[in-house]
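Please look over the model below before reading on. The report then walks through its strands, its turns and its core.

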Amino acid sequence: MVGEKVRVATTLEHLAEEMLLTEIFGVDQVERYQDTMSFDTRYVLVKNKKVVCDLSFDEFTPIEDRVTAIRVAMRMEHGNASEREGGSTP
């Protein structure tokens with residue numbers, strides 16, 4: 001019974017992470033892959049059927065650091081969209 005509760009809690013945690021990333025980055029889909037040998041987690045963010053970000057993290061990286069890294073990677077790839085989104089100008 002304990003193993004089942006852990007599995008359900010882990011599944012809910014993963015779903016919450018995916019929903020959080022989808023909302024933060026405004027993507028259509030977040031694909032999450034878990035490497036069973038190294039426990040690394042790979043996130044693939046998809047928008048308009050196109051991969052906009054693909055990053056891997058080790059098991060010890062907190063979600064806050066993962067979000068920051070994904071933001072940096074997306075800005076490096078697509079530029080800073082702050083002018084279009086009403087943010088400060090560079």
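Two strands pair if DSSP finds at least two bridges between them. Strands (E, at least two residues) and helices (H or I, at least four) are DSSP runs, numbered from the N terminus. This is a predicted model, in which local features need pLDDT of at least 70, side-chain atom pairs count only at pLDDT 80 or more, and totals for chains, interfaces and linings use all residues. Residues are numbered from 1 along each chain as its sequence is written, and side-chain values use heavy atoms, with hydrogens and water left out.

**Strands**

Start with E2, residues 41-47. Strand E1 (residues 29-34) pairs with E2 in the antiparallel sense, over six bridges. Gln 29 has Val 46 in E2 as its bridge partner. E2 also pairs with E3, again antiparallel, over seven bridges. There, Val 44 has Asp 54 in E3 as its bridge partner.

How enclosed is E2 by the rest of the structure? Five of its seven residues are buried (under 20% relative accessible area, with a 1.4 Å probe and protein chains only), so E2 is largely enclosed.

**Turns**

E1 and E2 form a hairpin with six residues between them. Phe 39 sits in that turn and has a positive phi of about 65°. The hairpin of E2 and E3 has two residues between the strands. Asn 48 lies in this loop, between E2 and E3 (50-57). Lys 49 has its place in the loop between E2 and E3 as well. Most residues other than glycine have a negative phi. Asn 48 and Lys 49 each have a positive one. Both count as exposed (over 50% relative accessible area).

| Residue | Phi | Relative accessibility |
|---|---|---|
| Asn 48 | near 55° | 61% |
| Lys 49 | near 60° | 84% |

**Core**

Which residues make up the largest nonpolar core? A nonpolar core is a set of buried Ala, Val, Leu, Ile, Met, Phe, Trp, Tyr and Cys residues joined through side-chain atoms within 4.5 Å. The largest has 12 residues in all, among them Leu 21, Phe 25, Tyr 43, Leu 45, Cys 53, Phe 57 and Ile 70. Helix H1 (2-25), E2, E3 and helix H2 (63-78) each give two or more residues to this core.

Val 52 and Met 74 are also members. Val 52 is found in strand E3. Val 52 counts as buried because its relative accessible area is 16%. Val 52 and Met 74 are 22 residues apart in sequence. In space, Val 52 and Met 74 are 7.2 Å apart, C-alpha to C-alpha.
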